[in-house]
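These are my notebook entries on one structure. I went through it topic by topic and wrote down what I looked up.

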Amino acid sequence: MDSVELRELTTDFGPVIGHVEETGERVRVTDGGEPAGVLLPAADLAELEHFAQRVYGGPRPRPRTVRETPAGPQRQGPYTRYAYTDGVRMTFTRDRLVVAELRTMDELDWLENNARTARQGFMDPQQAAAFEEFLARQPPVGDGLAWIAADWRQQEPFTVLEFIKGPTPEEVALAYGADAQDITDGLLLHQVRDRDAREGTDDTYHVLAFGEAGEWTWLGYHDFDNAFSRRLDPPPRQQITLTATMAKGIYDFKYSEDGVYQNPFPLEDSADTRRDMYELIWYTPGQAPFAPDAPLGFLNAHIRRAEQHTDWTDGIALFFAGLERAFGLSLPRDGITSGHVRCARPAQR
């Protein structure tokens with residue numbers, strides 16, 4: 001059975017639904033010979049929904065036309081039909097179990113396109129483990145991140161390091177409240193440092209340095225006076241924040257996806273209350289910092305590779321070396337050291 005007319009489906013749906021349940025095939029639904037929708041086995045629709053909701057592909061399309069809705073559920077043989085309020089989409093059940101669903105062509109196209117995109121990044125656990133092992137063997141991108149760990153631990157040259165995937169460096173700087181004119185002028189960090197040296201000021205501690213490395217926008221700044229808002233709307237696809245507070249001996253790591261925090265405190269398998277950071281001093285070389293089945297369990301392989309194949313010995317530097325391999329993070333060593341990176345002061349309030 002390739003297709004059925006909508007009027008036939010509404011008046012005598014029992015045989016059609018029986019065919020879908022028995023064969024697992026889709027049936028096209030036409031209205032006056034024109035495509036109107038597709039009758040999907042419930043399992044097919046569940047799989048599409050599972051993957052399609054994992055990516056953003058624009059708003060889900062709704063029926064272009066609205067038909068009269070039946071007064072209530074209709075039963076034929078073992079099957080019951082439930083019509084949506086638009087009178088177009090329908091759900092068919094047997095013994096209170098969903099058997100088939102009628103969806104419009106537009107909605108089905110949306111589901112299949114989004115699901116196709118999501119599936120491209122999907123791997124079963126065995127594939128994912130093998131892929132993570134492969135990635136963990138790769139060298140760091142560019143200068144990597146571990147080189148800055150010792151200075152950062154002493155709050156130099158920044159107390160906060162952030163990596164954001166999605167928006168451009170200029171977009172992030174503006175969203176954080178940086179001065180638009182400084183961004184337009186291309187103000188460089190060494191210019192601020194030079195003026196501080198000449199005039200005895202301390203503006204270096206009140207600027208936002210920023211740039212791009214690989215697929216990430218990076219930010220470096222001090223957070224002494226909450227001069228920057230640190231908020232993006234909508235939240236970025238991925239965001240990593242590293243904060244050093246030397247006076248209290250607190251060095252923390254935070255990772256979010258689409259604004260959702262991914263690493264509970266203090267350990268992934270702990271029953272303690274969730275907080276907004278993971279303290280790097282908890283990481284002990286040779287021990288996996290995260291439970292294998294936790295959201296950040298994949299980092300263990302990268303950190304272990306850093307322990308085995310780098311000369312870093314400090315725990316924070318090793319953790320950074322794991323991050324640079326896992327996420328492709330990097331900071332421009334010469335640019336930051338010499339001050340030839342862009343920066344901006346807080347906008348006037």
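**Entry 1: terms and ground rules**

I count as a salt bridge a side-chain nitrogen of Lys or Arg within 4 Å of a carboxyl oxygen of Asp or Glu. The model is predicted, so I note that local features need pLDDT of at least 70 and side-chain atom pairs count only at pLDDT 80 or more, while totals for chains, interfaces and linings use all residues. Residues are numbered from 1 along each chain as its sequence is written, and side-chain values use heavy atoms, with hydrogens and water left out.

**Entry 2: salt bridges**

I searched the whole structure and found 16 salt bridges. I looked at Glu101 and Arg103, which form one of them, with the closest N and O atoms 3.0 Å apart. Both Glu101 and Arg103 are buried (buried means under 20% relative accessible area, exposed over 50%, partly exposed in between, with a 1.4 Å probe and protein chains only).

Next I took Arg60 and Glu49, whose salt bridge has its closest N and O atoms 2.9 Å apart. This pair links distant parts of the chain: Arg60 is in the loop between H3 and S4, Glu49 is in helix H3, and they are eleven residues apart. Are Arg60 and Glu49 buried or partly exposed? Arg60 is partly exposed, at a relative accessible area of 22%, whereas Glu49 counts as buried at 16%.

I also checked Asp314 and Arg153, with closest N and O atoms 2.7 Å apart in their salt bridge. Asp314 sits in the loop between helix H10 (299-309) and H11, and Arg153 is in helix H6 (residues 149-153), 161 residues away in the chain. Asp314 is partly exposed at 31% relative accessibility, and Arg153 is partly exposed at 27%. Which residues do shared partners join into one network? Salt bridges connect Glu49, Arg60, Glu101, Arg103 and Glu107 in this way.

**Entry 3: the sheet and its helices**

I traced an open sheet of seven strands with mixed pairing, in the order S1-S2-S3-S7-S6-S5-S4. Two strands pair if DSSP finds at least two bridges between them. At the edges are strand S1 (3-5) and strand S4 (74-76), each pairing on one side only. Ignoring direction, neighbouring strands of the sheet are turned by 25° against each other on average.

Inside the sheet I looked at strand S3 (residues 34-41) and strand S7 (residues 97-104), which run antiparallel and are joined by five bridges. Gly37 stands opposite Thr104 in S7.

Two helices pack on this sheet. H2 touches S1, strand S2 (27-31), S3, S4, strand S5 (79-83), strand S6 (90-94) and S7, and its direction makes about 55° with that of S3. Helix H3 (residues 42-52) touches S3 and S7, and its direction makes about 95° with that of S3. Contact means heavy atoms within 4.5 Å. Axes are lines fitted to C-alpha atoms, for helices over the stretch in contact, and angles run from 0 to 180 degrees between N-to-C directions.

In helix H2 (residues 14-23), I found Gly14, Val16, Ile17, Gly18, His19 and Val20 buried.

**Entry 4: nonpolar cores**

A nonpolar core is a set of buried Ala, Val, Leu, Ile, Met, Phe, Trp, Tyr and Cys residues joined through side-chain atoms within 4.5 Å. The largest one has 45 residues, and Phe163, Leu242, Phe253, Leu280, Phe320 and Leu323 have the most contacts inside it. Helix H11 (residues 315-327) gives the most to this core, with nine residues. Another core lies apart from it, with 16 residues, among them Phe13, Ile17, Leu39 and Tyr79.

What does Leu280 touch, not counting residues up to four places away in sequence? I listed Trp152, Leu242, Tyr251, Asp252, Phe253, Ile316, Phe319 and Phe320.

**Entry 5: Asp182, then the whole chain**

Asp182 lies in helix H8 (residues 180-185) and counts as buried at 4% relative accessibility. Not counting residues up to four places away in sequence, Asp182 touches Leu187, Cys343, Ala344 and Arg345.

Last, I looked up the totals. The protein chain has twelve helices and 15 strands, and of its 349 residues 45% count as buried.

Conventions
Helices (H or I, at least four residues) and strands (E, at least two) are DSSP runs, numbered from the N terminus.
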